[in-house]
Amino acid sequence: MPVTRETILTAISDIALPQGGTLGQADLIRALTIDQDTVRFVLEVENAATAQAMAPVEAEARARLERIPGVAKVQIVMTAPAKPAPPKAVSGQGAAPSLKIGGHPTPQAGPQAIPGVRHIIAVGSGKGGVGKSTVTSNLAVALARAGRKVGLLDADIYGPSQPRMMGVSGRPASPDGQRIDPMHAHGVTVMSIGLMLKEGEALVWRGPMLMGALQQLLQQVNWGELDVLLIDLPPGTGDVQLSLCQKAPVTGAIIVSTPQDVALLDARRAIDMFGKLKTPVLGLVENMSTYICPKCGHEAHLFGHGGVAAEAEALNLPFLGALPLELEVRLAGDSGRPVALGDGAVSEAYARLADRLVQGGIA
Ligand SMILES: Nc1ncnc2c1ncn2[C@@H]1O[C@H](COP(=O)(O)OP(=O)(O)OP(=O)(O)O)[C@@H](O)[C@H]1O
């Protein structure tokens, strides 16, 4: 008769343990294998002292198993789980956290609130390059100027641009090696996947890795008390959008588009995706709406005009505002001081957008 797992476990289950009870009652046997006439398993004990006390148990188990017909060799290994090494103290800005970003996600049943964060707003776009990151950084600054406690998470895993736009650099600190201290700029608490990667390091992660990275950025960053956390998403309708809406209780999404038909077509796809994910779309923003010539004051509509407002109406969604195309916007973004910090017309447009969200009770 072949030796089975049950034969082995039954043979040793009534061996008494020094701490009381029997081997069968305690859950100590791991990795039991039967390989022809060889039986192997691990006895997992609490610590080295228990291992010593358990030596007679190991000897008795070995003796009993060797008496079973068909068993020629018994290998028992006793292990005590290693104590986790105390976290290395890392201090000060610029110190590299020992956290590894991009591991596999840990199991999480449903959306998990971020302690201290009241609202989460995802900023998305169907198409790349429509100014989603520009709008997110300026909106964050405008909300902070309006007195809100604002966080900005750059989850644009393929092209994180918030460090440049918000003017933050260096590695975020992790004093306990477990959690990440975010950066602060222009009154906004900032964290970007770009700050955890080496310059120019391309990300070739797929689904589970992306989910893991996003989960860490949401849950392992010390966001503190925030009225609103804005999340700059990658363009399109991919894994990051999907996992964000599954992992975090997103209040709603803002969709940025230019008035061009092609951008609008993609925006519609993004809206559709948020609908499927049961994330409310808070409204549409038209970026690069008009261009006013700084020399003659002529107003031109380089990408068409009013397309996003019309689309919002057609979809029965709020139109949150139009933002002009201005050289100043790009220069400000490139210099790490968003244009909304200043006093011009664009800054006022952002202040209006921020006010709408505050009045609406979502920021
Ligand atoms: N209203 C604007 N006026 C002038 N330049 C703008 C405006 N909005 C965005 N830009 C510029 O257009 C470029 C693309 O903007 P941005 O990076 O914000 O787009 P995005 O949609 O986030 O792109 P990606 O999909 O690559 O993340 C940047 O150089 C930015 O400075």
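User: At what angle do helix H8 and helix H9 pack, and how far apart are their axes?

Analyst: Start with the source. This is a predicted model: local features need pLDDT of at least 70, side-chain atom pairs count only at pLDDT 80 or more, and totals for chains, interfaces and linings use all residues. Residues are numbered from 1 along each chain as its sequence is written.
Now the general idea. Two packed helices are described by the angle between their axes and the distance between the axes. Axes are lines fitted to C-alpha atoms, for helices over the stretch in contact, and angles run from 0 to 180 degrees between N-to-C directions. Helices (H or I, at least four residues) and strands (E, at least two) are DSSP runs, numbered from the N terminus.
Here, H8 covers residues 261-276 and H9 covers residues 307-315. They pack at about 35°, and their axes are 11 Å apart.

User: Which hand does the crossing of H8 and H9 have?

Analyst: A crossing is left-handed if the near helix is turned anticlockwise from the far one by less than a right angle, and right-handed if clockwise. The H8 and H9 crossing is right-handed.

User: Which residues of H8 and H9 meet?

Analyst: Two residues are in contact if their C-beta atoms, placed from the backbone, lie within 7 Å. H8 brings Asp 261, Leu 264, Ala 267 and Ile 271. H9 brings Gly 307, Val 308, Glu 311 and Leu 315. The residues of this contact divide into five nonpolar, one polar and two charged. Ala, Val, Leu, Ile, Met, Phe, Trp, Tyr, Cys and Pro count as nonpolar, Asp, Glu, Lys and Arg as charged, and the others, Gly among them, as polar.

User: What span should H8 have, and how far apart are its end C-alpha atoms?

Analyst: The expected span of a helix is 1.5 Å times one less than its number of residues. H8 has 16 residues, so it should span 22 Å. Its end C-alpha atoms are 23 Å apart, which agrees.

User: Which residues of H8 are buried?

Analyst: A residue is buried if 20 or more other C-beta atoms lie within 10 Å of its own, exposed if 12 or fewer, and partly exposed in between, with C-beta atoms placed from the backbone. In H8 the buried residues are Ala 263, Leu 264, Asp 266, Ala 267, Ala 270, Ile 271, Met 273 and Phe 274. Their cover includes E4, H7, E9, E10 and H9.

User: Where does UniProt place the feature "binding site"?

Analyst: UniProt positions are given in the numbering used here, feature names are shortened, and annotations may be inferred rather than shown by experiment. The unreviewed entry places this feature at Gly 126, Lys 127, Gly 128, Gly 129, Val 130, Gly 131, Lys 132 and Ser 133.

User: Is Gly 126 buried or exposed?

Analyst: Gly 126 is buried, because 24 other C-beta atoms lie within 10 Å. It lies in the loop between strand E4 (117-124) and helix H4 (132-145). Leaving out residues up to four places away in sequence, Gly 126 touches residues including Pro 235, Ser 257, Ala 263 and Ala 267.

User: Is Lys 132 buried or exposed?

Analyst: Lys 132 is in helix H4. It has 26 C-beta neighbours inside 10 Å, so Lys 132 counts as buried. Beyond four places in sequence, it touches Val 123, Gly 124, Ser 125, Asp 232, Pro 235 and Val 256.

User: How many helices and strands does the protein chain have?

Analyst: The count is eleven helices and twelve strands. Of the 363 residues in the chain, 39% are buried. Among contacts with a separation of 6 or more, 77% join residues 24 or more positions apart.
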